[in-house]
Amino acid sequence: GDFKAEPFKIKAVEPIQLIPRREREEAIQKVGYNLFSLNSDQVYIDLLTDSGTGAMSDRQWAGLMQGDESYAGSDNYQKLVAVVQELFDYEYTIPAHQGRGAEQVLFPLLAGKGQYGISNMHFDTTKAHVELAGAKAVDMFTENAVETGKYHPFKGNLDVEKAEEFIQEKGTEKIAFIIMTITCNSAGGQPVSLENIKNTKLLADRYDIPLLLDAARFAENAYFIKQREEGYQDKTIKTIVKEMFSYAEAFTLSAKKDAIANIGGLIGIKDDEKLYKRARSRSVPLEGFPTYGGLAGRDMEAIARGLREVIQLEYLDYRIGQVKYLGDNLREAGIPIQYPVGGHAVFVDAGKMAPHIPHNQFPGQALGVELYKEAGVRGVEVGTLLLGRDPDTGENLQAPLELLRLAIPRRVYTDNHLDVVTEGMKRVRDKADQLSGLKFTYEPEVLRHFTAKFEPV
Ligand SMILES: CC1=C(O)/C(=C\N=C(/Cc2ccccc2)C(=O)O)C(COP(=O)(O)O)=CN1
């Protein structure tokens, strides 16, 4: 339409507050400069993640009252199966408690010791589950993904040539699967074009390798295809979604993103009954039972309803328009970001903003700590800290980009809140060259960023 206002009015609100600067400085120092360790009431505007932090609609809330808590065969499960069939044209659905729940059930059935998982970019928790299955996660993004200041419509694409060389080098029996992350979170929530998905499918078929989707932000990916890909402008989001999923044979999906639910995950299997039965039996010890997957019936209802809401064009116009609003304001202030903005967050190029901080002193984390001190805004580092160490050598892997992610929860904040973020980032920019890096005082074994402790270098 020709007006930009939110396609909803607000019915319930949750108070937030900005604690005094002194208290913010004490709080972050006390938790060892790890933003994950702050309590929510110490955070004014929480851009840590868009995962599980969205606001449900009144219809989703109403659905909670229709939770069928039958142990087996819950009515909400049937609704979930029906919406997966309708939206993705996938026969089989197995719920899980979240995305990682889906990954832990599915991946070991497809990947094993000494094998490789190929992806445009594995998000860190997905990489962890490929490794837990005994395989190695290999990212095959294109050069466009690392040139943050340069426009490219599909920075999330997989480099098909690079992937083919790798397959030929290792031998096809060494490749467990190709998993396409849509949108590509670690590249900056960047979309993957349908052309790239098609070409990846052709590659997978040529070598008889399964193609999976990590579909956490599938609706946002579809929106960018409609906006930017030749021949898709007049297609509905629903049509684009169905085509995207038609090229894969299974997906894992964190319902905490584009199902706008606070918890939940899904495994979708297109038509491979044998794989479905194996996954279904694995879900019993790991996720409880194949018709509830670690969730209450009410949660499955919320997910089923959220999946229908997320593909509405008015919602996506608003949601991605809000991310662009923040991105445009930061760029106007001369703050380097991954451009164009992605679907769920603005990724500040911390490597460019604080070039004096080496990658292994975590510039993204240093900027994130400063933004919290300046404005009580919590972001998250997506760079070397998140990437972790090489499981074989133990060496710190250097990330392709050192980013500070400002993830925008769905239907939660107004542009006024985002203006505070812009103001806070301007203050950080003005002192960026005086910032020092961080070093570990405590480094956990696995997924270290969640609980690590630091001190300024
Ligand atoms: C593409 C993709 C994801 O982005 C994803 C989770 N993302 C998250 C959640 C998170 C993870 C690590 C640190 C902080 C926050 C995000 O903040 O971005 C998962 C796992 O889903 P799960 O959290 O439901 O287990 C699978 N794939």
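## Composition of the ligand shell

The shell around the ligand is made up of three nonpolar, nine polar and eight charged residues, where Ala, Val, Leu, Ile, Met, Phe, Trp, Tyr, Cys and Pro count as nonpolar, Asp, Glu, Lys and Arg as charged, and the others, Gly among them, as polar. The model is predicted, and local features therefore need pLDDT of at least 70, side-chain atom pairs count only at pLDDT 80 or more, and totals for chains, interfaces and linings use all residues. Residues are numbered from 1 along each chain as its sequence is written, and side-chain values use heavy atoms, with hydrogens and water left out.

In total, 20 residues surround the ligand, and the closest are Thr-49, Arg-100, Asp-214, Ser-254 and Arg-405; a residue is near the ligand if one of its heavy atoms lies within 4 Å of it. Helix 4 (99-110) and helix 5 (124-132) each contribute at least two residues to this shell, helices being DSSP runs of H or I with at least four residues and strands DSSP runs of E with at least two, both numbered from the N terminus. Because domain 1 (21-50 + 313-456) and domain 2 (59-310) both give residues to the shell, the ligand lies between them; the domain bounds come from an automatic or database domain assignment.

## Polar contacts and burial

Contacts are described here as polar when a pair of N or O atoms lies within 3.5 Å; within protein, one atom must be able to donate a hydrogen and the other to accept it, and residues adjacent in sequence count only if both atoms are side-chain atoms. A polar side-chain atom of Asp-214 is 2.7 Å from a nitrogen atom of the ligand, while a polar side-chain atom of Arg-405 is 2.7 Å from an oxygen atom of the ligand. A polar backbone atom of Gly-99 lies 2.8 Å from an oxygen atom of the ligand. The ligand taken alone exposes 560 Å², of which the protein buries 97%, with accessible areas from the Shrake-Rupley method using a 1.4 Å probe; for residues, only the protein chains shown count as cover.

Three strands form an open sheet in the order 9-12-11 with antiparallel pairing, two strands being paired if DSSP finds at least two bridges between them. Strand 9 (345-349) and strand 11 (380-382) stand at the edges with a single partner strand each, so one side of each has no neighbour in the sheet. From one strand to the next the twist averages 35°, based on axes that are lines fitted to C-alpha atoms (for helices over the stretch in contact), with angles running from 0 to 180 degrees between N-to-C directions.

Strand 11 is joined to strand 12 (residues 403-407) by three bridges, and the two run antiparallel. Val-380 stands opposite Arg-405 in strand 12, and Arg-405 is also among the residues closest to the ligand.

Strand 2 and strand 8 (residues 265-269) pair in the antiparallel sense over five bridges, with Tyr-92 opposite Ile-269 in strand 8.

## Backbone features in loops

A cis peptide bond with omega of about -15° joins Ile-182 and Thr-183, and Thr-183 is found in the loop between strand 5 (175-181) and helix 7 (194-206). Tyr-339 and Pro-340 are likewise joined by a cis peptide bond, with omega about 0°; Pro-340 sits in the loop between helix 12 (313-332) and strand 9.
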